[in-house]
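Trainee: I've got a structure open on my screen and I'd like to talk it through with you. Can we take it piece by piece?

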Amino acid sequence: MFWNPRIECMPKEDLQQLQYRSLKKLVNNLYSFNHFYHNKMIEQKVHPDDITCLGDIRKLPFMYKQDLRDNYPTKMFTVPNNDIVRYHVSSGTSGKPTLVGYTRNDLDYWSEALARSLTSIGIGAEDTMQVSYGYGLFTGGLGLHYGAEKVGASVLPAGTGNTERQIELMQDLNVTAIACTPSYLVHIIDVAAQMGVDIRKDTHLRKAVLGAEPWTESMRKHIEDASGVKAYDIYGTSEQAGPMFSECEERDGIHIGADIAYVEIIDPESGEPCNEGDKGEMVVTMLKKEAMPMIRYRIKDITSLNTETCACGRTSPRISRITGRSDDMLIIRGINVFPSQIEYTLLQIPQVGHQYMIYITREGALDNMILQVEIKPEAFSDKVDDMIRLRAHIESELKKYLNIAVAVELKAPGELPRFDGKAKRVIDKRVF
Ligand code: DLL
């Protein structure tokens, strides 16, 4: 099923023409009317006339999150205040938050992107969708809300928290689809089990639209095995608008609407383009945005690009699951570690639950990594010897896959903190 078949299945050459025309218009406007971009292009010694084909985008300068912080709150906006109809603010990890403004057209494109995504997942007018992303400054709740309304679904704006009530409403309203973070869905499944509710048998929930944080194929399998719900990956960042692009029914990569965004994958060190299929840092140019355009924005997410036409018939390029960020990589005793690798390793161990916390400390010059791991109820035992053996097994698996020594602490089921929104699983206490 397609929401906008003309665009979604447009021949690739035509799509590239469309992208080129949008880019040219964008660059001309920004050079003429925006101080920030004008100065950046002058610094880079590039003029709009130098952009004569899509590949010339590489002549343009990169943009960084720091540019948004330096121009906080509204200096990056390219329209008068009267044209701004919405703001969202992203939870910056340090420094100033990132403020994003939207014109009416920006909001329309955002819901159009989501309508395409939801339709490609098979969610439509016959569905009742529970939106359990945070509403408010975060883009997840309102973004999915308007996208789901656009396809005609009945929307339950549940937000986060009050999980028992969410489960009751899910049953009362015959909810068929949910949008939330993968970690929150795992929590919902746990709480439902405690309430004696089997999601598979006692609800109509069939599809989940999960994103906003890194997750793995093992997590997908865990969710699907535990609940019978089919889980789809959805991606976006507040700088782009919010959640926008998702997998289709094929689940073979996240479709990026080519009329909306132009994606490059680069080597984060050299800034040079990667070969198709190779992992690198994603750089995005938003081709339609009005209030706060983004040219060659370094998102820092690590992924790869596939420009083959998908089995679903869509011609849009696809990115692979985000495996980490070029800036959240942990370096422990000189070894690069991605939290997603740790999660992947843990989920291979049958006795381990899906809740964990990573603590990094420094003693003298040495980094220490402590991993608190919740054990599944059926594997938890008060026989100390069994638990010592299990702990040693987990430590040796981590050593095998990550090549670092990790001190594991076993936790009883339910002991570690749960998260309504984005899980914060890494606490880095080192002073650099
Ligand atoms: O997280 C927007 C969103 C809301 C996406 C709901 C999907 C669903 P930010 O708060 O700006 O926006 O955070 C963006 O979150 O750069 C990634 O590092 C991470 N992220 C988002 N979606 C995924 C995903 C929203 N599907 C940052 N897989 C991004 C992995 C994701 N990481």
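Trainee: Let's start with helix packing. At roughly what angle do the axes of helix H5 and H6 cross?

Mentor: Keep in mind that this is a predicted model. H5 covers residues 104-121, and H6 covers 139-150. Their axes come within 8 Å of each other, and the crossing angle is roughly 70°.

Trainee: Is H5 roughly parallel or roughly perpendicular to H6?

Mentor: The handedness of this crossing is right-handed. As for the angle, 65 to 115 degrees is the range to check against. The axes cross at roughly 70°, so H5 relative to H6 is roughly perpendicular.

Trainee: What about H11 and H12, are they roughly antiparallel or oblique?

Mentor: Here we have residues 339-347 packing on residues 384-402, with the axes 10 Å apart. H11 passes H12 in a right-handed crossing. Roughly antiparallel would take an angle over 145 degrees. The angle is about 135°, and the two helices are therefore oblique.

Trainee: Which element gives the largest share of the shell around the ligand?

Mentor: The shell has 20 residues, and those coming nearest include Asp 233, Asp 301 and Arg 325. By class, nine are nonpolar, six polar and five charged. The elements giving two or more residues are H6, S7 (230-237) and S12 (297-303). The largest share, five residues, comes from S7.

Trainee: Now the backbone. Which peptide bond is cis, with omega near -5°?

Mentor: Most peptide bonds are trans. For this one, look at the loop between helix H4 (65-70) and strand S1 (86-90), where Pro 73 lies. The cis bond runs from Tyr 72 to Pro 73.

Trainee: And which residue has a positive phi although it is not a glycine?

Mentor: Most residues other than glycine have a negative phi. In the loop between helix H7 (163-172) and strand S5 (177-180) there is an asparagine to check. With a positive phi of about 55°, the residue is Asn 174.

Terms used
Residues numbered from 1 in each chain as written. Predicted model: local features only at pLDDT ≥ 70, side-chain atom pairs only at ≥ 80, totals over all residues. Heavy atoms only, no water. Near = heavy atom within 4 Å. Helix = DSSP H or I, 4+ residues; strand = E, 2+ residues; numbered from the N terminus. Nonpolar A, V, L, I, M, F, W, Y, C, P; charged D, E, K, R; others polar. Axes fitted to C-alpha atoms, helices over the stretch in contact; angles between N-to-C directions. Parallel < 35°, antiparallel > 145°, perpendicular 65-115°, else oblique. Left-handed = near helix turned anticlockwise from the far one by under 90°.
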